[in-house]
Structures are given as structure tokens and as C-alpha cells.
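This briefing goes with the chain shown below. Please read it with the sequence and the model side by side.

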Amino acid sequence: MTTISLAPCQRSLGDPDISYPLWPPLTRGCPRTSSDAMSYPLEIDYDYTRVTSDFITGQGRPRSGLDRWAPLLPPLAAPGLGEGGTPLIAIGDGVYVKDESRNPTWSHKDRLNRCTVSAAVAIGAPGIVVASSGNHGASAAAYAARAGLRCVVLGSSELPPAVASFLSAYGAVVLPVGTAHRWPLTERIAEEFGFHPVSNLTPFHTGHAFGAEGYKTVAYEIAVDIVDPGAVFVPTGYGELLFGIWRGFTELHRLGRLSRVPRLFSCEPAAGGPLAAALRQGLPATEVEVADTEAYGIACPVNSYRGVRAITGSGGRALTVDDGAMHRAQAELAGQGLWVELSSAAGLAGLRTLPDDEPIEGPVVCVTTSSGFKDTRVGDHRLAPVDPSWESVRARLRSEGIRS
């Protein structure tokens, strides 16, 4: 049984014939194919000939955490927090929800940060630095604390309450600065203090080479629970999650564990939608203006080439959904006992807004990415005291449709 990483190198998405050693992790994409006009990410390559036949069943490996999937992940040098293993919940009519809010810091970012913080540990960095105003920063702070590393988060003064509480609890140094200053400061902190950057540094998002690999495990887990999913709807910002899920399915198909790669549907806020724009224009990436939206977690002005690869490679589509559609999807999920961040409801919103003449074959999975506690308005709702007399209580219950 192989329980160690089978990763030998980093490979360019701009030109798959270009590869680099696995170490050090390159944090600015592919240096040979990228330019000021375009940034191409890297992926991690693996020796697939050494993957054993029981990779999905995982016999002899840990049953929880990313460690179960260690052969097809970068080396996991940092200790985990039990990330992954999130439930797949049926909500009717062949639709399932992959609930990523059940991760240790209540979001999908824990899968990414187990891998990126592992890179920092492996190269001996004293800490990590991340530009984030949401889930990424909270998750990075947790995994840095778990690994005994310092963490600097360049965020916003308008952090959602839950995210601010996470950062404070984990002892991160939080520097609220304007958006335009975050990336230059990330580079300066990395250069001067030797901290490893675990967020993006390039004009068109490339992110950390190890990060999206952690998201492949979402696909692996779906394949354990559903033999052949037909489509997966993914809330999409820069597209790392979308790409990771697609890549996980393509690996399983390559290894003969799946008969097909499901169609991937990216679900972006209609207020922006750079991936949808890039695909319409036939471009690897583009930039758009972002209008006001409550879906702050996925409101991105640029896309990554990763998203283009995922949609075209799976025969899927790029969808845009407005705030109203996301609010309706959020309410539908709450009616099933699932409270998710508004951005997180974009996947189900995308499914619900598909035209009737676009049938989806097979089981459908909608990924929800984070908890409703992460929304910016959490804490605003206050309950007024009620008259405790039975007459008042009974009248209130009846007004809510409750009958004896």
C-alpha cells in the first residue's frame, strides 16, 4: 500500500511539455509561459502507474482527512485537522449537496490550506502570508497554528464577524488594508521575513501550485458515494475549486475508476462573471467590472485559466446567477436543514436557473462551500421579547400556520 505522495514535479498548464522540480513550490504560476498579459498556473504531476487498485476504497490508509488520498496529493508535511470527509446529502429528485461547511473552519478552503501549509513546512518557512477577506484567511490561520507557524493575513476592515473571530482565535496577525495594497504587501512580507505566500500573486489568478490539488479530494469523495455523477455545480470565484474537482474526476477516469467525467458547471455572480466572459470571448482569462453583490466570497474581477480548462475539458458550461437566485437557493437549502453562506448557494442557484431544455443525465451534485455564519449580515438579526402569556403565544403560533 502506497501512503506517500507520488508527485515528482510541477507542470505548466500553459504548455504541458514544460515541467519544473517539485521543490520549491512556484507561487507565481509558470515562469516560461506567463507574461504581463496572461498568467498560466501550474499543476502537480504524479506517477499514475504506481496508484494501487484500491485507491478509492483506501484500505490500509486513514479513513478521514486528506491523508486518505496521500498518493495523489503533494507531500502532506503539515498536520491535519480532520479536513474532508464531508457529507453528501440528498435533497430530492436526484440532487445531492456536498456540504463543505462541515470542514474544520467551516469551509472548503481547509482542503487547500492543508496542502499549501504543508509546502511551507516542507521548505522550512517560519510562517505564511495570505491576502484574504474571508474563508481563505480563516483557514490558513488555523492550519498555520496547527503547524506551529506564524500567519499574517492581509484582509479588509469589513471582515464578516465569524471570520474575524476565527483569525483572532488562531493568533494570526491581521492587517486590514485596501485591496490594491494586499498583493504588493504579500510579496514584501514574503521577501523580507521569509514567509511562504499561500494566496495569489499574479494578475490573472494562478494561486499556489499545491493548493488546488487539495480540492481533488472533493471529487474522490463524491465518487465513493455516487458511482457515476452526471453533473457537478460549483460556486466559482477564481476557479481553483472548480479546477480541482474536474482534475480529480479526470484522474479517476484515467485510472478506470469512473466511466465518465461529469459535466462541470461554474456558477459565478451575475455582477461579474469573468470566467463566463472569457469563455464567450474564447480567451484564457479576462477582466470584468464587478457590480454590487452580497456574494462577496466569489465576486472576482478576473478568472484563472484553470476554470477555462475545467469547463472545456468536461463539456460543461459557465453560468451566472444573480443575488435573488442565490437567496432563493439559500432559503431552499435552509429548508433542508443546511445553512450556508450566500456565495455558497451559487451552485444550487445555477442548477435551478438552467433552462428546461438542458437535461442533465445522472445524479447531480451541488457543492456548498461554507457556513452561513460567514455571511456579512450575521449578527444583525435581533429577536424582540414576546408576551409569555398562553393567549399571546398561541396566537403567534397560529399566525405562523401552526394548528393544534
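The points below cover the annotated domain, aromatic contacts, backbone geometry and cysteines.

This is a predicted model, in which local features need pLDDT of at least 70 and side-chain atom pairs count only at pLDDT 80 or more, while totals for chains, interfaces and linings use all residues. Residues are numbered from 1 along each chain as its sequence is written, and side-chain values use heavy atoms, with hydrogens and water left out.

**Annotated domain**

- UniProt, in an unreviewed entry, places the feature "domain: Tryptophan synthase beta chain-like PALP" at residues 82–368; such annotations may be inferred rather than shown by experiment.
- Over residues 82–368 the chain is 41% helix and 17% strand, where helices (H or I, at least four residues) and strands (E, at least two) are DSSP runs numbered from the N terminus.
- The end C-alpha atoms of residues 82–368 are 18 Å apart.
- I89 lies in strand 4 (residues 88–92) and is partly exposed, at 22% relative accessible area (buried means under 20%, exposed over 50%, partly exposed in between, with a 1.4 Å probe and protein chains only).
- I89 and Q336 are 247 residues apart in sequence, yet their C-alpha atoms are 9.4 Å apart in space.

**Aromatic pairs and a nonpolar patch**

- The count comes to 13 aromatic pairs; rings of Phe, Tyr and Trp (its six-membered ring) pair if their centres lie within 6.5 Å, and planes under 30 degrees apart count as stacked, over 60 as edge-to-face and the rest as tilted.
- W23 and F210 form an edge-to-face pair, 5.5 Å centre to centre with 65° between the planes.
- That pair joins parts of the chain 187 residues apart: W23 is in the loop between strand 2 (19–21) and strand 3 (42–45), and F210 is in the loop between strand 9 (196–197) and helix 5 (211–225).
- W23 is partly exposed at 35% relative accessible area, whereas F210 is buried at 0%.
- W339 and F373 also form an edge-to-face pair, at 4.8 Å centre to centre and 70° between the planes.
- W339 sits in the loop between helix 9 (323–335) and helix 10 (346–352), 34 residues from F373, which is in the loop between strand 13 (364–368) and helix 11 (390–399).
- Both are partly exposed, W339 at 43% and F373 at 40%.
- Ring pairs link W106, F166, Y170, W339 and F373 into a cluster.
- W106, W339 and F373 make a nonpolar surface patch of about 300 Å²; patches are made of residues with over 30% relative accessible area and no salt bridge, like charges being joined within 9 Å and nonpolar side chains (Val, Leu, Ile, Met, Phe, Trp, Tyr) within 5 Å.
- A salt bridge is a side-chain nitrogen of Lys or Arg within 4 Å of a carboxyl oxygen of Asp or Glu.

**Backbone geometry**

- Most residues other than glycine have a negative phi, and most peptide bonds are trans.
- The peptide bond from W23 to P24 is cis, with omega near -5°.
- D93 has a positive phi, near 60°; D93 is in the loop between strand 4 and strand 5 (95–99) and is exposed, at 84%.
- W106 has a positive phi of about 70°; W106 lies in the loop between strand 5 and helix 1 (109–122) and is partly exposed, at 31%.

**Cysteines**

- The whole structure has zero disulfides, a disulfide being a pair of cysteine sulfur atoms within 2.5 Å.
- For C151 the nearest cysteine sulfur, that of C115, is 16 Å away; C151 is buried at 4%.
- For C300 the nearest cysteine sulfur, that of C267, is 14 Å away; C300 is buried at 7%.

Notes
Areas by Shrake-Rupley, 256 points an atom, 1.4 Å probe, with all protein chains shown as cover.
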